[in-house]
Amino acid sequence: MTLEGHDPRTHPSGERVHDVSSICYFPDGEQMISGSSDKTARRWDLRAGKEIEEAREVCEQKVYAVGVSRDGRWVVTAGGDHYDRAGELKACEVETGIVRTIEGHSGYIESIDISADSSLLVCLSGGSTVQIWELDTGKLVFKITSCFADAIRFSQDSRKLARPYPEPKTIREFDASTLETVGVPFEGHTSTVSGLALSSDCALLASASWDVIKLW
């Protein structure tokens with residue numbers, strides 16, 4: 001199956017290319033959402049193999065990250081502009097269609113994650129600012145600025161976060177309530193860590209850099 005619909009952009013070479021930057025399944029496995037540099041987040045019916053056009057979200061900035069809460073209640077889109085450092089973060093309540101714009105970012109947003117209990121949203125903006133928000137209220141819970149990073153993830157119990165720190169090649173775990181480091185560092189990458197994923201049984205953390213994937 002091939003899902004097509006995002007508008008292509010013009011590469012500096014003149015070539016027209018599609019730039020889908022993020023995808024995420026819905027909990028039932030029958031739908032998926034994708035975000036693109038065409039400034040849209042699109043929802044797909046995987047049984048029919050086509051876009052659910054009435055659910056399309058048009059954003060003001062490029063979309064770099066999308067997420068769906070585990071309970072299926074929330075769809076989150078995030079992005080911005082690399083040049084004017086504008087960040088855009090929106091949370092849509094699926095059942096009502098109500099969209100909340102969450103303000104207060106230090107730059108474009110490149111990575112997000114939603115806690116397993118669907119209550120908290122963490123985002124990484126401007127390459128170095130971590131913010132944790134309550135999804136129900138849009139309230140900022142915690143904010144800290146540290147080293148440059150491209151990825152961030154909640155643990156299964158939502159008590160910890162993993163992200164590159166204190167430099168982009170090393171991964172550390174943080175207490176999600178204080179953002180203080182816990183445990184020992186995960187060291188071994190020779191280039192910037194650009195992606196993180198936690199296995200469903202929480203036994204393994206996968207990290208990706210420019211040329212390699214490591215399992216911890």
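**Aromatic pairs and a neighbouring sheet**

Mentor: In this predicted model, there are three aromatic pairs, a pair being two rings of Phe, Tyr or Trp (its six-membered ring) whose centres lie within 6.5 Å. Tyr 165 and Phe 174 make up one of them, with 5.3 Å from centre to centre and 75° between the planes, which is an edge-to-face arrangement; planes over 60 degrees apart receive that name, those under 30 degrees count as stacked, and the rest as tilted.

A word on the basis of these values is needed. Residues are numbered from 1 along each chain as its sequence is written, and side-chain values use heavy atoms, with hydrogens and water left out. Local features need pLDDT of at least 70 and side-chain atom pairs count only at pLDDT 80 or more, while totals for chains, interfaces and linings use all residues.

Within the pair, Phe 174 is buried at a relative accessible area of 7%, whereas Tyr 165 is partly exposed at 26%. Buried means under 20% relative accessible area, exposed means over 50%, and partly exposed lies in between (1.4 Å probe, protein chains only).

Another edge-to-face pair joins Phe 186 to Trp 216, with 5.4 Å between the centres and 80° between the planes. This pair links distant parts of the chain, 30 residues apart: Phe 186 belongs to strand β19 (residues 181–186), and Trp 216 to the segment after β22 (213–215). Strands are DSSP runs of E with at least two residues, helices are runs of H or I with at least four, and both are numbered from the N terminus. Phe 186 counts as buried, with 18% relative accessibility, while Trp 216 is partly exposed at 27%.

Let us now turn to β22 itself. An open sheet of three strands has the order β20-β21-β22, with antiparallel pairing; two strands pair if DSSP finds at least two bridges between them. β20 (193–198) and β22 are the edge strands, each pairing on one side only. On average, neighbouring strands of this sheet are turned by 20° against each other, direction ignored. Axes here are lines fitted to C-alpha atoms, for helices over the stretch in contact, and angles run from 0 to 180 degrees between N-to-C directions.

The antiparallel strands β21 (residues 205–209) and β22 are joined by three bridges. Across them, Ala 208 stands opposite Ile 213 of β22.
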